[in-house]
Amino acid sequence: MVFRKPPDGGWGWVIVVVSFFTQFLCYGSPLAVGVLYLEWLDAFGEGKGKTAWVGSLANGIGLLASPVCSVCVSSFGARPVAIFSGFMVAGGLMMSSFAPNIYFLYVSYGIVVGLGCGLLYTATVTITCQYFDKRRGLALGLISTGSSVGLFIYAALQRELIELYGLDGCLLIVGALSLNILACGSLMRPLESTSSPPPEKMFVDKVPDQYFVYHEKEKTVEENISILEKGYIDEKCVNNVPDCKQDSILNKNTLSSINVNEKDTYKKKVVEQTNFCKQLAKRKWQLYLTYWKETMVLFKNKVFSALFVAILLFDIGGFPPSLLMEDVARSANISEDDYYMPLISIIGIMTTVGKLILGILADFKWVNTLYLYVTTLLMTGVALFAIPFAKSYLTLAMLSGILGFLTGNWSIFPYVTTKTVGIEKLTHAYGILMFFAGLGNSLGPPIVGWFYDWTQEYNTAFYFSGFCVLLGGFLLLLAALPCWNACTNQSSKLPPNTYSYKVASNA
């Protein structure tokens, strides 16, 4: 199916608005799950590491399942997937209000809500890209702020709802609000296709002529026909023994009276369809082999390999503060009277600011986006090391703002990936990196929680988080240094389809 040219406006701006609110409604609660995390700790009395799995699954499962989400949107379209996912998110939140234990939350909140968010993210990005070409960057930037604004508002909203209606009432109300995703999804009108071939002839007509005759299988087709004839006669004999001979004679006469041309046409169609299926399976197998070969070529690029390690370590160490910062404040015995705003809300609003400012900086020609990304990693590591020394609300609020701003480096991550592997390999490389980013999101908070359960304080946990982020930043910095490119050029030439950062950035 070929879609008409993106209008870059018109109904596309409606798509931007509904995609913004879709991400706002679906990601608001999972990103602000730190408020719920405190209540679950008190309600179920489980360890911090085990309880942290709920929020980490909700935020990581969508990235881990990104290939499945892409297939669903490609097969069914953005609007049906968005409506179905709206039911998933709302249903998962409402079911979580009846959770009898933490394991129930793993499924209802972690997997159901997380998978629904992943499907909605893929649907909103896909439909936006279909409607925009020249203004695609602006459109994607606008809808991506929906999740950050959702984090900012839902952190305070869920806290107020818990005080008024309790944890169960909060989840029911938030789940009801998520039903508005259905209205947003219904407005995701797909672009009309320019031409659509008849479905019944779409596959057979495209089979090349050389596949129509396959002499090696003609004998097999005749054998299959004879087996069918024999099976029919045997069945009649079992059901009615006296008439067996008579039916056998009648069937032989009927089969012998079949026109030879019709029989040849039938065999030809069977051969054509069998041959097409074999060629399709062979083509699919070749695609899988090509995919793995291209993956191996990507990992031969030292900057991409370092980027893969950096994004994994960054999400292991950098994601826990957005989930655990409220519990850090409670562990530091900070009075609620000093709370002017939830720390998670500060992280959310500063993430929005960081996305905008870092995105603007990345557009300047004199700014090297890879070094800018490395700078955010190193600063994040330093900020994580400073958390154990924060003993007041003001210092924690300042560190939350800094961490939120630096987390906005997600807006420049596609730029960095493009400069590293080239635009032609962006989709393949970005999918791999997002998978490992989801793995880091899923593992980070439980690891930090286990450190607390082991040591009964957060200091060691955040030292570990800071070390992970700093290690990833230094590895990426070393891989990106120009001296490595000079050494590589002197020793040997790059293999085909392999890019250094310098080469890709000049392309």
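This tour moves through a predicted model, one selection at a time.

**Helix H7**

Start by selecting residues 136-178, which make up helix H7. Within this helix, pick Ser147. Is Ser147 buried or exposed? Its relative accessibility is 11%, and buried means under 20%, so Ser147 counts as buried. To see what surrounds it, show Gln23, Phe24, Tyr27, Leu31 and Lys355; Ser147 is in contact with these residues, leaving aside its neighbours within four places in sequence.

Stay on helix H7 and select Leu164. Leu164 has a relative accessible area of 61%, which is over the 50% cut-off, so this residue is exposed. Together with Leu164 they make a nonpolar surface patch of about 390 Å².

**An aromatic cluster**

Phe24, already shown as a contact of Ser147, also belongs to an aromatic cluster. Select Phe20, Phe21 and Tyr154 along with Phe24 to display the cluster.

Next select residues 302-318, helix H12. Lys302 lies in this helix and is partly exposed, at 27% relative accessibility. Draw a distance from the C-alpha atom of Lys302 to that of Ala480: the separation is 8.4 Å, although the two residues are 178 apart along the chain.

How many aromatic pairs does the model hold? The count comes to 14. One of them joins Phe308 and Phe436: the ring centres are 4.7 Å apart and the planes stand at 75°, so the pair is edge-to-face. Phe308 is in helix H12 and Phe436 in helix H18 (residues 426-455), so a view of both helices shows a pair that links distant parts of the chain, 128 residues apart. Phe308 counts as buried, with 18% relative accessibility.

Phe435 is partly exposed, at 34% relative accessibility.

**Charges over rings**

Two stops remain. Select Lys48 and Tyr452: Lys48 lies over the face of Tyr452, at 4.5 Å from the ring centre. Then select Arg189 and Trp11. What sits over the ring of Trp11? The charged end of Arg189 does, 4.3 Å from the ring's centre.

Methods: Residues are numbered from 1 along each chain as its sequence is written. This is a predicted model: local features need pLDDT of at least 70, side-chain atom pairs count only at pLDDT 80 or more; totals for chains, interfaces and linings use all residues. Side-chain values use heavy atoms; hydrogens and water are left out. Helices (H or I, at least four residues) and strands (E, at least two) are DSSP runs, numbered from the N terminus. Buried means under 20% relative accessible area, exposed over 50%, partly exposed in between (1.4 Å probe, protein chains only). Contact means heavy atoms within 4.5 Å. Patches are made of residues with over 30% relative accessible area and no salt bridge: like charges are joined within 9 Å, nonpolar side chains (Val, Leu, Ile, Met, Phe, Trp, Tyr) within 5 Å. Accessible areas come from the Shrake-Rupley method with a 1.4 Å probe; for residues, only the protein chains shown count as cover. A salt bridge is a side-chain nitrogen of Lys or Arg within 4 Å of a carboxyl oxygen of Asp or Glu. Rings of Phe, Tyr and Trp (its six-membered ring) pair if their centres lie within 6.5 Å; planes under 30 degrees apart count as stacked, over 60 as edge-to-face and the rest as tilted. A charge sits over a ring if NZ of Lys or CZ of Arg is within 6 Å of the ring centre and within 35 degrees of the ring normal.
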